[in-house]
Amino acid sequence: MRDAPIHQIRYGWSESSLLGTRGMGPVDATVPLERLPGLDGFLRDHVWAAGPEPGYTYLSHPDGGVMVRKYTTPAADGRPNSFAHILLCPALRGREALGLTGWDGWDEPALRVLHLSDLDGVIRARLRTLRAHARQLPADWLAALFAHYLSAPAASYTMIGEPDPLSVVCALGDLVGRPTTFATDEADDASERLPAAVFLRRAPSTANVPTRRRLSPAGVPADRYVFAFTTAVADAYVADGTRALARVRPARPPVSVEEVHRWAQGAQFAPGVLADLTRLPGLRDDQLHRLTDPRALQRVADAAQAAPAEDLAGAIDARLPPAALTVLVRQALARQFHAVPDPVLLERLSEISPLPEDLVAEHLPVPFDQLARLTRTLLGPDARRRLLEAAAAELPFAELVRWTDEQAAADPGSALAVFSVLCVRIRTASPEEVRALLDRGMLAFAVRQFADTAHGRSLLLATLLSALPKGMLTAGTVDALSAGGDPALLHALDGVVTDPAARAVILRQVRLAFYAGHQLREPGGAEPDGPSEPRATWWQRFVMALHRRRTVNDGNPT
């Protein structure tokens, strides 16, 4: 309907109008003449102006919307006269009518049929200007006016002396979702055919009792619950415009007090706190306190469950009461653990980490690799290790070995947690499981990734070695393990192995490491390659020190 035609009619004083009458009537039009009599019967009550400054009237007609711009002019005989320019369009609604008040074609001499799409730019620009003016209205003034308006939302009203009628119509229309029909400048409000909102420059000089309600922000609204709601709505609108209301506006404007209450209840987490997660971080302390009510927390939880990830991430803030923050974090964690992880949510959670351990534990069990990846960002090191150890206890032995070996470089923390479980589980491992561990060199390479010192590595490996089932550390097994010359593994074996034949293998490897560190050949062996006097590496010096200790303790070199 954006291409809907716009017909134009002009009313003025003439000796003979298009209808053949003398006086105020249509003097120019783009509509077929046969339609004018019917339209005239509807329009003539709305073409008389109250003053020389243009006033605007928007009306609903069976054929669409009607927009009237009118002002007074002196008649030739000195009588009061009016001039009115009318636009008729089947797709004309309240927002378009407000936007058309900024059209610069009202005074063009020649009339032609327009299309609503031709004026889109004009309408948008004028609405931006009107909304900017509307948001300059004092928030407390607007809140009180809105509360009084909602006390009878379907009733027509009149405002007297309001200097900016269009901004008020725009603001109230934005608040409820749709502008009503309006007349910005009338001489009185006695007619029953006036639009819903009427603005008078001054109170009419008549003895008749007003039949329309007079709307004003004066006086404390009787319904304090609704007033708290309108205060929150007005504050949000003045601060952030219509985008602040997008999540709380009703599907259609309420028409009864009952509907107003249902709207207010559904649009608030608590009295005065709009049900918009993205606004939570900006609440005042007194508003934040209202979120501690159990009913408010349940509403926050419901909203969090339905919210887009970006909104949920924007709501998570350390200023929130702990109970409210917990509700949001719990929902965010549920999405990370049980749905497709969202990077925006994960980043926001990491910004307030470390999280409480119990909040993460609520979402177990999950695949171990997922748990390791998420807890690396979300938990402190001690809490993470506890959760990972508990989860790793359920993994197959082979998976413990694989994870420790393959993840040690990328994630040393998780590898250490799994290694700790491995040290317990190995006591009851089968020969085949132990063989798989031995084939990976008792994880000596992995241990180097999560232990900072040679002494620490030796202790970890000794713990694992000492837990092996009895009889597993045979001379052949020790020979295979020590062949790589890893100093921490040699040191661990030296502290654990008691079998004489196996110990002889260890000491032989220590001796070989000593010779290699000094570029000496083993007696009877091949000449070592390379320069004759290289600088010993740190692990070679470690092996030499171990050799010297053995010499002192045993009384003779091995």
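L443 sits in the loop between α18 and α19, and in this predicted model its phi is near 65°, a positive value in a residue other than glycine. Most residues other than glycine have a negative phi, and most peptide bonds are trans. L443 counts as buried because its relative accessibility is 0%, under the 20% cut-off. M442 is in the loop between α18 (431-439) and α19 too. M442 is not a glycine either, yet has a positive phi of about 55°. With a relative accessible area of 0%, M442 is buried.

The peptide bond from S353 to P354 is cis, with omega near 5°, and P354 belongs to the loop between α12 (343-351) and α13 (357-361). The peptide bond from L364 to P365 is cis as well, with omega near 0°. You'll find P365 in the loop between α13 and α14 (368-378).

Next, the helices. Two packed helices are described by the angle between their axes and the distance between the axes. For α16 (residues 397-407) and α17 (residues 412-425), the axes come within 9 Å and cross at roughly 145°. The crossing of α16 past α17 is left-handed. On the α16 side, the contact is made by F397, L400, V401, W403, T404 and Q407; α17 brings in P412, S414, A415, V418, F419, V421, L422 and R425. Sorted by class, that contact has ten nonpolar, three polar and one charged residues.

Now for the rings. Counting ring pairs with centres within 6.5 Å, the model has eleven aromatic pairs. In one of them, W103 and W106 have ring centres 5.2 Å apart and planes at 70°, so the pair is edge-to-face. W103 is buried, at a relative accessible area of 9%, and W106 counts as buried at 2%. F419 is in helix α17 and F450 in helix α19 (residues 444-450), so the pair links distant parts of the chain, 31 residues apart. F419 and F450 are both buried. Elsewhere, ring pairs link F146, Y149, Y157, F229 and W263 into a cluster.

Finally, follow the strands. Strand β9 (residues 197-200) is covered on both faces: A197 and F199 are buried on one side, V198 and L200 on the other. What does β9 pair with? Strand β7 (residues 157-160) runs parallel to β9, joined by four bridges, and M159 has F199 as its bridge partner in β9. Strand β8 (residues 182-186) also pairs with β9 in the parallel sense, over three bridges. There, E186 stands opposite L200 in β9.

T158 counts as buried, at 0% relative accessibility. The C-alpha atoms of T158 and F199 are separated by 5.7 Å, although these residues are 41 apart along the chain. What does T158 touch, leaving aside residues up to four places away in sequence? Its contacts include V198 and L200 of β9, together with D189, R212, R213, R214 and L215.

Methods
Residues numbered from 1 in each chain as written. Predicted model: local features only at pLDDT ≥ 70, side-chain atom pairs only at ≥ 80, totals over all residues. Heavy atoms only, no water. Axes fitted to C-alpha atoms, helices over the stretch in contact; angles between N-to-C directions. Helix = DSSP H or I, 4+ residues; strand = E, 2+ residues; numbered from the N terminus. Left-handed = near helix turned anticlockwise from the far one by under 90°. Contact = heavy atoms within 4.5 Å. Nonpolar A, V, L, I, M, F, W, Y, C, P; charged D, E, K, R; others polar. Buried < 20%, exposed > 50% of the residue type's maximum accessible area, 1.4 Å probe, protein only. Pairing = 2+ DSSP bridges. Phe/Tyr/Trp six-rings, centres within 6.5 Å; stacked < 30°, edge-to-face > 60°.
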